[in-house]
Amino acid sequence: MANLKELRGRIKSVASIAQITRAMEMVASMKLRKVQAKTQAFRPYVDEIRSMISAIAAKVSGEGDVPLFQAREVKAVGFFVVASDRGLCGSYNSNLLFGLKKKADELLAEGKQVKFWVYGRKAYAWLTRRGFAVERFFVEPPLDKADFTAAKMVGQALVDAFTSGAVDDVRLYFTRFQSMIKFVPTDAPFLPIRTIAVGDKAGEKAYAQDFLLEPDATTVFNRLLPRYLETVVFDAMLQSLTSEQASRRMAMKGATDAAVRMQKGLKKVYNRARQENITKELLDIVGGASAVS
Amino acid sequence: MAELHLRVVTPDRTIVDRKVAGVKFQGVDGSYGVLPHHAPLMTAIAHAGAAVITELDGKQGELFVSDGFAQVQNNVLTMVCEAGEFAHEIDLVRVKAAEAKAREKLAGLDRLSADYVLAEASLRKAMMRELLARRSSGTGSI
């Protein structure tokens with residue numbers, strides 16, 4: 001009998017877990033839609049900035065004079081890492097962070113310094129636990145509320161670190177959102193600027209080669225450059241965020257399915273046990289009755 | 001009537017994407033007026049800029065734009081800015097708060113530091129916003 005009671009309890013707890021994971025799945029898909037809308041709204045801006053900078057880059061002579069373009073001997077590498085603030089999102093964080101660890105170990109073995117700028121509590125906790133020093137941990141605003149201002153702040157911090165000579169190479173380490181089920185940890189070079197590319201190239205438009213430039217190419221270019229870097233950072237943040245939510249949705253869906261399956265199995269066992277009890281009792285009664293008569 | 005296609009794009013949304021009769025805005029080196037069939041152009045918009053849009057029916061509307069770039073190509077004027085708002089959308093309470101914050105920051109800074117320049121820019125933006133908002137709601141100038 002105790003067995004039956006125990007089974008009832010287990011069935012109940014599994015059912016409530018399924019309920020929770022189902023709710024989390026729903027929340028994740030809602031958030032995912034939100035992030036995707038944000039990405040959609042951001043797309044025209046990226047396209048414009050990119051087309052402008054590529055149109056103007058050709059006009060600027062002496063790119064080499066701009067410090068952000070100058071490659072120098074790499075002594076210290078800075079990583080901007082984007083992970084999630086919360087767990088329960090499948091292998092999203094561990095995929096990213098194990099790859100990062102490998103990279104960092106390689107660089108350390110080569111005798112280079114590694115520094116981290118981090119978005120996402122999970123990455124911060126992970127790195128500090130493994131004894132890496134985190135240069136700056138961005139908490140405000142939290143990643144899922146981050147807007148362009150946050151990207152601006154990050155971009156500024158990275159550019160400052162590069163120009164001050166604290167690091168000689170800045171890389172973005174984030175998760176690229178390839179499809180609803182595929183997220184690729186990506187290590188993208190950021191500074192010094194090597195090529196100008198962000199987002200997909202599909203929106204490339206043909207522009208007249210000759211246009212007026214006021215006041216002059218260098219002035220516009222120098223103002224455009226920080227904007228461009230910010231869009232690259234924001235793009236990385238948005239892609240990571242999309243991957244996180246999609247990954248969480250997938251993980252929670254898996255958990256819900258598993259819980260439902262488990263509940264079914266438990267129910268079968270429970271029913272069998274119950275039936276066995278009834279049969280046993282019936283046999284007892286029949287046996288008792290035949291003994292009396 | 002000749003038309004000019006105007007697009008105002010910010011990171012959060014595309015604010016304007018339609019035909020207009022003309023646009024005036026402030027560039028870093030002075031005021032620009034763009035009419036239909038303007039020659040191809042690329043320039044930077046002032047940190048705290050205002051754009052005046054002349055609609056096809058002759059009405060005029062004001063738009064706050066900051067830290068942006070303007071480009072004319074194929075009779076399309078694209079303004080890519082970090083922030084943009086129609087004058088009637090501006091929230092005066094928030095603007096006042098931003099202004100107070102900027103002033104407070106300015107007071108404690110060295111005149112030659114980079115932060116001073118940044119704070120001054122945000123003060124300018126707040127003041128430009130206020131100016132536009134007041135002008136559009138008819139509550140008089142500052």
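What you have open is a predicted model, where local features need pLDDT of at least 70 and side-chain atom pairs count only at pLDDT 80 or more, while totals for chains, interfaces and linings use all residues. Residues are numbered from 1 along each chain as its sequence is written, and chains are lettered from A and ligands numbered from 1 in the order in which they are written.

**Stop 1: chain A**

Select chain A. Its secondary structure comes to five helices and six strands (helices are DSSP runs of H or I with at least four residues, strands are runs of E with at least two, and both are numbered from the N terminus). Follow the chain from the N terminus and you'll pass α-β-α-β-α-β-α-β-β-β-α. Along its principal axes, the C-alpha trace spans about 115 × 45 × 25 Å. The radius of gyration of chain A is 28 Å, whereas a compact globule of 293 residues would have one near 19 Å (it is taken over C-alpha atoms, and the globule rule is 2.2 Å times the number of residues to the power 0.38).

**Stop 2: where A touches B**

Now show both chains. Here 23 residues of chain A are in contact with 21 residues of chain B (contact: C-beta atoms, placed from the backbone, within 7 Å). On the chain A side, the elements giving two or more residues are helix H1 (2–57), strand E6 (212–214) and helix H5 (217–292). H1(A) gives the largest share, eight residues. Colour that side by class and you get 17 nonpolar, one polar and five charged residues (nonpolar: Ala, Val, Leu, Ile, Met, Phe, Trp, Tyr, Cys and Pro; charged: Asp, Glu, Lys and Arg; polar: the others, Gly among them).

**Stop 3: a sheet from both chains**

Select E6(A) and E5(B), residues 41–44. These strands run parallel and are joined by three bridges (strands pair if DSSP finds at least two bridges between them). Zoom in on Glu214(A): its bridge partner in E5(B) is Thr43(B). Widen the view to the open sheet of six strands, E6(A)-E5(B)-E8(B)-E9(B)-E1(B)-E2(B), with mixed pairing. E6(A) and E2(B) (14–20) stand at the edges with a single partner strand each, so each has one side without a neighbour in the sheet.

**Stop 4: the other sheet in chain B**

Select E4-E3-E6-E7-E10 of chain B, an open sheet of five strands with antiparallel pairing. Its edges are E4 (30–34) and E10 (83–86), each with a single partner strand, so one side of each is left without a neighbour in the sheet. Five bridges join E3(B), residues 22–27, to E4(B). Find Lys24(B) and look across: Gly33(B) in E4(B) stands opposite.

**Stop 5: two helices of chain B**

Last, select H1(B) (92–107) and H2(B) (114–137). At what angle do they pack? It is about 155°, with the axes 9 Å apart (axes are lines fitted to C-alpha atoms, for helices over the stretch in contact, and angles run from 0 to 180 degrees between N-to-C directions).

Technical notes:
Two residues are in contact if their C-beta atoms, placed from the backbone, lie within 7 Å.
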